[in-house]
Amino acid sequence: MKKLIPLFFTSLLFVSCEKEPNLDNIQDEYVIYTQYDKDASFNKGKYFYVPDSVLVVGDNEKGATYLDASNSNNIINAYNIQMEKRGYVKTNNKEEANYGLQISYVENTFYYVNSPSWWSDYPWYWSPSYWWPWYTGDWYYPYPFIYKYTNGSLICEMIDLSTVSETSSSSKPTVIWNNYITGIDYVNSSILPQLVKAVDQSFIQSPYVKY
């Protein structure tokens, strides 16, 4: 299931859409796009873990880079607040978590074409081994998609941490929900209030994300 919503600076307009959005002409608004696995369970456990940094997807030659702490802390906190409002409990122990959230900011355009290895052009993207150090496979997205993440997009992916077992060869590290917010020219303190509202809206249009 897919949902697309433009978030205007002065008002909200909800649009449910099955076709892929044209993101090339967006100027004065954010667009919030959410997608989830309709067969996933969002209440297997109450604990969630979020890394303390927002990954910047950009120049391959620079290696992994991250947003500065002053901006990333506000973004991460916005997701923490919404998860807690949905009944989840934040843990600082990754081993204890039932779900994980990984957050990225896209500086360059990337195309997703229903491929489990879209990030191959950016080898420093979040690896499943961050969550399972012994795991060497790829991410699994149980829903089809063909769209692009444009420059100036914030991505959050929710992972079911029970989908991988060291004793099961059929384990698949599964992203059960993702959202992205596009239309961001740059990230600094002046746009953080609107960006936080956009994060809030991504949960409003995702009522299934709850414990």
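In strand β7, Y49 finds its bridge partner in G100. That's a handy place to start, but first some housekeeping. This is a predicted model, so local features need pLDDT of at least 70 and side-chain atom pairs count only at pLDDT 80 or more, while totals for chains, interfaces and linings use all residues. Residues are numbered from 1 along each chain as its sequence is written, and side-chain values use heavy atoms, with hydrogens and water left out.

Back to β7. Strands (E, at least two residues) and helices (H or I, at least four) are DSSP runs, numbered from the N terminus. Two strands are said to pair if DSSP finds at least two bridges between them. By that rule β3 and β7 pair in the parallel sense, over 2 bridges. Strand β4 (residues 55–57) also runs parallel to β7, joined to it by 3 bridges, and there L55 stands opposite S104. With β10 the sense is antiparallel, over 8 bridges; L101 opposite M158 is a place to look for it.

How well covered is β7? Of its 8 residues, 8 are buried, where buried means under 20% relative accessible area, exposed means over 50%, and partly exposed is in between (1.4 Å probe, protein chains only). In a regular strand the side chains alternate between the two faces of the sheet. In β7 both faces are covered: Y99, L101, I103 and Y105 are buried on one side, and G100, Q102, S104 and V106 on the other.

Zooming out, the protein chain has 3 helices and 11 strands, arranged along the sequence as β-β-β-β-β-α-β-β-β-α-β-β-β-α. It has 211 residues, and 52% of them count as buried. Its accessible surface comes to about 10,100 Å², with 48% belonging to carbon and sulfur atoms; the areas come from the Shrake-Rupley method with a 1.4 Å probe, and for residues only the protein chains shown count as cover. Now take contacts, meaning heavy atoms within 4.5 Å. Among those in the protein chain with a separation of 6 or more, 78% come from residues 24 or more positions apart.

Next, helix α1. What keeps them covered? After the helix comes G87, with a positive phi near 100°.

Now for the rings. Rings of Phe, Tyr and Trp (its six-membered ring) pair if their centres lie within 6.5 Å; planes under 30 degrees apart count as stacked, over 60 as edge-to-face and the rest as tilted. Searching the whole structure turns up 14 aromatic pairs. One of them is Y33 with Y180, a tilted pair at 5.4 Å centre to centre with 35° between the planes. Y33 lies in strand β2 (residues 29–36) and Y180 in strand β11, so the pair ties together parts that are 147 residues apart in sequence. Y33 is buried at 2% relative accessible area, and Y180 is buried at 0%. Then there's the stacked pair of Y36 and Y208, 3.6 Å centre to centre with 20° between the planes. This pair links strand β2 to the segment after α3, 172 residues apart, and both Y36 and Y208 are buried.

Y49, where we came in, turns up again in a ring cluster with W126, Y130 and W131. K94 lies over the face of Y130, 3.7 Å from the ring centre. A charge sits over a ring if NZ of Lys or CZ of Arg is within 6 Å of the ring centre and within 35 degrees of the ring normal. K172 does likewise over Y140, at 4.6 Å.

Two last stops. Buried or exposed: which is S206? S206 lies in the segment after α3 and is buried, because its relative accessibility is 0%. Leaving out residues up to four places away in sequence, S206 touches T34, R86 and W177. E166, in the loop between β10 (153–160) and β11 (174–182), counts as exposed because its relative accessibility is 59%. Its C-alpha is 8.7 Å from that of W132, 34 residues apart in sequence.
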